[in-house]
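Please read these points with the sequence and the model side by side. They go from the whole chain to single residues.

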Amino acid sequence: GVRIANGDVVYDGGGPVDLQGHVAPNGSVRVSVSGMGQQADGQGRLSRTLGTGTWRGQGSLGSCAGVWQAERRG
C-alpha cells in the first residue's frame, strides 16, 4: 500500500518499483513512480479524509492516463 508519513508519500509494497512523492501543507500532492522501463506522474489534492487526482504514464508500450482516488483508513 501507499501511505503518507511526515508529508512524504511512501510505498510499502516492495518489488522493482520506485515511488517518490510529497504532500504540501495545503493538501496538494505530486507523485512519480517508475519501474521496469515504465514511468508515471500523478498530481492531485488530499483532504483529511479523501483525495482525488490524475496521472499520466509513458513506457515502451506507449502512453496512458487516468484518475486516482484515495481515502483515509485507520
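1. The protein carries 7 positive and 5 negative charges, and their mean positions are 9 Å apart. Lys and Arg count as positive and Asp and Glu as negative, while His and the chain ends are not counted. Each charge is placed at NZ of Lys, CZ of Arg, CG of Asp or CD of Glu.

2. A word on the source: this is a predicted model, in which local features need pLDDT of at least 70 and side-chain atom pairs count only at pLDDT 80 or more, whereas totals for chains, interfaces and linings use all residues. Residues are numbered from 1 along each chain as its sequence is written, and side-chain values use heavy atoms, with hydrogens and water left out.

3. How many helices and strands does the protein have? There are 0 helices and 7 strands, and the order along the sequence is β-β-β-β-β-β-β. The radius of gyration is 13 Å, close to the 11 Å that the globule rule gives for 74 residues, so the protein is as compact as a globular protein of that length. Helices (H or I, at least four residues) and strands (E, at least two) are DSSP runs, numbered from the N terminus. The radius of gyration is taken over C-alpha atoms, and the globule rule is 2.2 Å times the number of residues to the power 0.38.

4. Along the principal axes, the C-alpha atoms fill a box of roughly 35 × 25 × 20 Å. The accessible surface is about 5,500 Å², and 52% of this belongs to carbon and sulfur atoms. Such areas come from the Shrake-Rupley method with a 1.4 Å probe; for residues, only the protein chains shown count as cover.

5. Of the 74 residues, 20% count as buried. Buried means under 20% relative accessible area, exposed over 50%, and partly exposed in between (1.4 Å probe, protein chains only). Among contacts between residues at least 6 apart in sequence, 5% join residues at least 24 apart. A contact means heavy atoms within 4.5 Å.

6. Strand 1 (residues 2–5) pairs with strand 2 (residues 8–11) in the antiparallel sense, over 4 bridges. Two strands pair if DSSP finds at least two bridges between them. The hairpin has 2 residues between its strands. N6 lies in this loop and has a phi near 55 degrees, a positive value in a residue other than glycine. At 78% relative accessibility, N6 is exposed.

7. D8 belongs to strand 2. Is D8 buried, partly exposed or exposed? With 37% relative accessibility, D8 is partly exposed. Beyond its neighbours within four places in sequence, D8 is in contact with R3, G21 and H22. D8 and Q69 are 61 residues apart in sequence, and their C-alpha atoms are 17 Å apart.

8. Strand 3 (residues 18–23) and strand 4 (residues 28–35) are antiparallel partners over 6 bridges. H22 stands opposite R30 in strand 4. The hairpin between these strands has 4 residues in its turn, and G27 takes a positive phi near 95 degrees there.

9. Strand 4 also pairs with strand 5, antiparallel, through 8 bridges. In this pair, S28 faces R45 in strand 5. The hairpin leaves 2 residues between the strands. M36, in the loop between strand 4 and strand 5, has a positive phi near 55 degrees in a residue other than glycine. M36 is exposed, with a relative accessible area of 71%.

10. Where is G42 placed? G42 sits in strand 5 (residues 38–46), and its relative accessible area of 16% makes it buried. Not counting residues up to four places away in sequence, G42 touches V29, R30, V31, T54 and W55. G42 and R30 are 12 residues apart in sequence, with a C-alpha to C-alpha distance of 5.7 Å.

11. Q58 is part of strand 6 (residues 50–59) and is partly exposed, with a relative accessible area of 47%. Leaving aside neighbours within four places in sequence, Q58 is in contact with G37, Q38, Q39 and S63. Q58 and G14 are 44 residues apart along the chain, and 21 Å separates their C-alpha atoms.
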